There are 2 protein chains.
Amino acid sequence: MRASRQDFILVASLLDRIPNLAGLARTCEVFKASGLAVADASIVNDKQFQLISVTAEKWVPLIEVPVSTIKVFLRKKKQEGYSILGLEQTANSVPLDQYAFPKKMVLVLGREKEGIPVDIIHILDACIEIPQLGVVRSLNVHVSGAIALWEYTRQQRLLQS
Amino acid sequence: MRASRQDFILVASLLDRIPNLAGLARTCEVFKASGLAVADASIVNDKQFQLISVTAEKWVPLIEVPVSTIKVFLRKKKQEGYSILGLEQTANSVPLDQYAFPKKMVLVLGREKEGIPVDIIHILDACIEIPQLGVVRSLNVHVSGAIALWEYTRQQRLLQS
């Protein structure tokens, strides 16, 4: 498992904050993502990004997917056999611990405040949410993404063992 | 489960960075920790802390545990029936997906760079590590803690269902 990348792509094109994007690059490498989609690939030249992500160029392959092309990208990946998932609290979201992840998945993260726009929600195969037990129901988007990627990884390891 | 707190305490006294501490306060509230131990409780007056944690005073109960008293605190909690665990990569660490969490636990996080000092490692009941598949084997400490707390929560929910 160490040798090959896992068959998921994380879409972080909707995120604005550099620390979240750089942190996700680090987390994607730890869990060996096949790709990390960002709105602007020149972000790797940003000093703050480099500070947090360190040696980002050796890490997970960055894919440039501007916000205006997210839907096209997701439809293309769906044709390639990926399940297209979103991490979002909606009326139909499946709690993370009740969801069996497909091996091939694209996981879309929402904007820091507004989450995933409704036109993108509509083309997702499913939405997954992290059960939140407290009064304040808002995890940081990097943390949420990391928890979902861990749960995916845990399930894949279980299937392989 | 929404009504009562989960029976774990997170010890973040070794952490220095305000964004990590404030983020962990938020994450502890989401997973309803019984307590979050920090080295200096006056941190809640820090502007950056407040900005990230928002309404921190309504959140998880803060416990002041200065670094010099961590071992005393952990021994006291052990006497109260808590398992004392660390999140750290050591020769004897158990991978997170192979560890069955006890209901009553105290989880110790390490310093941002150096991890958990060896004298504290020695009084832990177990060390748990997050399996890391990539070349860069270093998750952010807030992210690591959040993943461990999610895994604990997932297991408790499974036992209750």
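Guide: A crossing of two helices is called left-handed if the near helix is turned anticlockwise from the far one by less than a right angle, and right-handed if clockwise. The structure here is a predicted model, in which local features need pLDDT of at least 70, side-chain atom pairs count only at pLDDT 80 or more, and totals for chains, interfaces and linings use all residues. Residues are numbered from 1 along each chain as its sequence is written, chains are lettered from A and ligands numbered from 1 in the order in which they are written, and side-chain values use heavy atoms, with hydrogens and water left out.

Visitor: Which hand has the crossing of α1(B) and α5(B)?

Guide: The crossing of α1(B) and α5(B) is right-handed. Helices (H or I, at least four residues) and strands (E, at least two) are DSSP runs, numbered from the N terminus.

Visitor: At what angle do helix α1 and helix α5 of chain B pack?

Guide: Two packed helices are described by the angle between their axes and the distance between the axes. Axes are lines fitted to C-alpha atoms, for helices over the stretch in contact, and angles run from 0 to 180 degrees between N-to-C directions. Here α1 (residues 18-30) and α5 (residues 141-160) of chain B pack at about 15°, their axes 9 Å apart. α1(B) is therefore roughly parallel to α5(B) (angles under 35 degrees).

Visitor: Which residues of α1(B) make the contact?

Guide: Contact means heavy atoms within 4.5 Å. On α1(B) the residues are B:Asn20, B:Gly23, B:Leu24, B:Thr27 and B:Cys28; α5(B) contributes B:Val141, B:His142, B:Ala146 and B:Leu149.

Visitor: In what order do the seven strands of chain A form the sheet?

Guide: Two strands pair if DSSP finds at least two bridges between them. The open sheet of chain A has the order β3-β2-β1-β6-β4-β7-β5, with parallel pairing. β3 (62-64) and β5 (94-95) of chain A stand at the edges with a single partner strand each, so one side of each lacks a neighbour in the sheet.

Terms used. Angles under 35 degrees count as roughly parallel, over 145 as roughly antiparallel, 65 to 115 as roughly perpendicular and the rest as oblique.
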